[in-house]
Every structure is written in C-alpha cells, then in structure tokens.
Amino acid sequence: MRLLTVIIFTLISPLLLLADAYQDYINTYAPMAIEQQQAHGIPASITLAQGLLESAAGRSTLATRGNNHFGIKCHSEWTGDTLLRSDDAPDECFRAYRTAAESFADHSRFLLRKRYAPLFELPETDYAAWARTLRECGYATDPNYASRLITIIERYALYIFDTETGRLSEENSDYIRSILLSTHKVLRSRGLHYVIAMPGDNYAAIAREFGIDKKKLLTYNDARRDGEIKAWEEVYLEPKLDTAPEGTTTATIGEGESLHSLSQRFGMTVASLRALNPGLKDRPGTRLRLR
C-alpha cells in the first residue's frame, strides 16, 4: 500500500506543482481583477484568464522583467518604459511597468478604447461572449484565442469572481479537485475537432480519454514522442490541414513558441510550413509564410 501511495504521488505531484503556480497567480491577482471590474465593468474572469494566458501564470519574460501581464504592445501613445520581444513580428515593442498593479490598470484603460466598445454592451457575467468579442475586436491574432480564454475560465471556475455571491463561495479554493477530475471539451475550428491541453497534460492521457490510438494522436499533432504538452495548446483529434486560416498570410515564432506550437495555433501541418519556408530557423523571431 505504501508503494502504491508513493507511485500515485509521483504521478500527480507535477500536476500539483503546476496547479500551485496557477493557484498562486489566481490568489495573488484576483483582488486586482475584481477591483478593475468594479471600476470599469470588465469581468474579473476575463482579466484573470488573459493574465494567466499572456503571462504564463506570471512566469513570462514580459511579466518577470516588465510586469506586463497582458502582452500589451507600445503603440504610438505609450511614453513609459519598454521591452523588445518577438511576437507577431521580430523585436516588437512592449510596455513595461513598475508594478503588476499598473499593468492591470493599463489593461483596463486599453480595453476602454473605442476599438473595444462592443465589449461593454455585453453582460459582465457572460464571459464567453466577452472572450469571443475580444478576439473579434482584434486583441490577439490567435484564431483560437477565445477558446483558450473560455477553457481557462471554466478550468479554474474564474467566473465566480464576476459576482459578489461567487466571490464569497468556497468553490474558488478547490483547484486540486479541478486539476484531477476535469475532462476536455471538444472544440471545432475550420472543420477540425480539437481540445485545449491543460497544464500537465500528455498525449497518452488525451488518447485514452477519447479512445484514440496514441500513435495516431501523435501523428495528427506532429509530435515525435509523448510528453508534457504546452499548457493551453491545441491538441487535434484528426489530421491538421495544409493551409492557413483565411486571411492569414504570415506569422512570427514568438517568445516561448516553436515551429510546432505555431503549427498547432493555426491548425497547419509542420510539413506544409516547412515546404512554404525552406531553410527556416526554428527559433523566436523567425517570420514565416503561411501561404
């Protein structure tokens, strides 16, 4: 029995460590997100989900070096400190802040611009509509950005922070149960069925969940071997396409990305990307043709 306990702990402890990273972020920054909702009407769940995704739970270079939790670029009006990182183009200018609180406040000011006015016609409790409208208004170039945000919100029950009643419930501290018992919602984009990988996921577990042969799942996702999947990355349940989403012609491998993660983002095979970009260098800052 003791050996079995050790084995189980060994298997789940990496998940618990990842859970701790996300739980710590939520515990630390939920008050800031709630404060911004009370001041400006932006759902705390949306703010938290964007922060978790854009900053890798506070671990990205932009967050650790510049307190930028939302990936906000400089734009012409910015006069503060800056950092250069590769994103949609090489060496783009990103805003840097003295504190995380400044980043959260600036995120609200950023969304209060005319471009994002449709957001404020939505109920504060409709996080799914907010996520989709953020994508439609052009907050991110990722075609599955809304799906990622919704998955994070539902994974960690972040919607409880959007109402006073929810904030007082005990559900907001039950992260370990969420990590160990949750299943994956099947999503669809460009006719492809996929799921969003959770922190600590691997292909073997997802293959078991959906009754798919692991080797086939690896092939569908251009994965050479099983292993931990990048958190919030797409995992396709059928073969990817050889073409990019309509209207998308180029992309840059951003910080923390690779050719593989970019291929997952756009639902394109690695082989098709290599064919379009002979001799490409698989490193951040490399700009790729998608057509």
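**Close-up views of the predicted model**

**A. Helix 11 and helix 12 (270–276) each contribute at least two residues to the lining of the second largest pocket.** The model is predicted: local features need pLDDT of at least 70 and side-chain atom pairs pLDDT 80 or more, whereas totals for chains, interfaces and linings use all residues. Residues are numbered from 1 along each chain as its sequence is written, and side-chain values use heavy atoms, without hydrogens and water. Helices (H or I, at least four residues) and strands (E, at least two) are DSSP runs numbered from the N terminus. The second largest pocket holds about 370 Å³ of space. Its lining comprises 16 residues, with Asp222, Ala223, Arg224, Arg225 and His260 closest to the centre. By class, the lining of the second largest pocket has nine charged, five nonpolar and two polar residues. Ala, Val, Leu, Ile, Met, Phe, Trp, Tyr, Cys and Pro count as nonpolar, Asp, Glu, Lys and Arg as charged, and the others, Gly among them, as polar. On a 1 Å grid over the protein atoms alone, a pocket is an open set of points with protein on both sides within 12 Å along at least five of seven lines, a cavity is a set where a 1.4 Å probe fits but cannot get out, and lining residues have an atom within 4 Å of a point. Points are joined across faces, edges and corners, and a volume is the space filled by probe spheres set on them.

The largest pocket contains about 1200 Å³ of space. Its lining is made up of 48 residues, and those nearest the centre are Leu53, Glu54, Asp87, Glu255 and Glu257. Helix 1, helix 2, helix 3 (61–66), helix 6 and helix 11 are the elements that give two or more residues to this lining. Helix 2 makes the greatest contribution, four residues. The lining of the largest pocket consists of 18 nonpolar, 17 charged and 13 polar residues.

**C. The structure has one cavity of 30 Å³ or more.** The largest cavity has a volume of about 60 Å³. Its lining is formed by Pro143, Asn144, Ser189, Arg190, Leu192, Tyr194, Tyr236, Pro245, Arg265, Phe266 and Gly267. Six of these lining residues are nonpolar, three are polar and two are charged. At least two lining residues come from each of strand 4 (192–196) and helix 11 (259–266).

**D. Gly267, a lining residue of the largest cavity, lies in the loop between helix 11 and helix 12.** Gly267 counts as buried because its relative accessibility is 2%; buried means under 20% relative accessible area, exposed over 50% and partly exposed in between (1.4 Å probe, protein chains only). Beyond residues up to four places away in sequence, Gly267 touches Arg190, Leu192, Tyr236, Lys240 and Leu241, where contact means heavy atoms within 4.5 Å. Asn144, which also lines the largest cavity, is 123 residues from Gly267 in sequence but 9.7 Å from it in space, C-alpha to C-alpha.

**E. Strand 4 pairs with strand 3 (residues 187–189) and with strand 5 (residues 234–236).** Three antiparallel bridges link strand 3 to strand 4, and pairing requires at least two bridges found by DSSP. Arg188 has His193 of strand 4 as its bridge partner. Two residues separate these strands in their hairpin, where Arg190 has a positive phi near 55°. Strand 4 and strand 5 also run antiparallel, joined by three bridges, and Tyr194 is placed opposite Tyr236 of strand 5. Strand 4 is largely enclosed by the rest of the structure, because four of its five residues are buried.

The largest nonpolar core has 50 residues, of which Tyr139, Leu158 and Phe161 touch the most other members. Two or more core residues come from each of helix 1 (2–40), helix 2 (44–55), helix 4 (100–111), helix 5 (127–136), helix 6 (145–155) and strand 4. Helix 1 provides the largest share, seven residues. Such a core is a set of buried Ala, Val, Leu, Ile, Met, Phe, Trp, Tyr and Cys residues joined through side-chain atoms within 4.5 Å.

**G. Helix 5 is mostly covered, with seven of its ten residues buried.** The buried residues are Tyr127, Ala128, Ala129, Trp130, Ala131, Thr133 and Leu134. Helix 2, helix 4 and helix 6 are among the elements that cover them. After helix 5 comes Gly138, with a positive phi near 90°.

**H. Strand 1 (residues 82–85) and strand 2 (residues 92–95) form an antiparallel pair with four bridges.** Leu83 faces Phe94 of strand 2 across the pair. The hairpin has six residues between the strands, and Asp91 adopts a positive phi near 50°.
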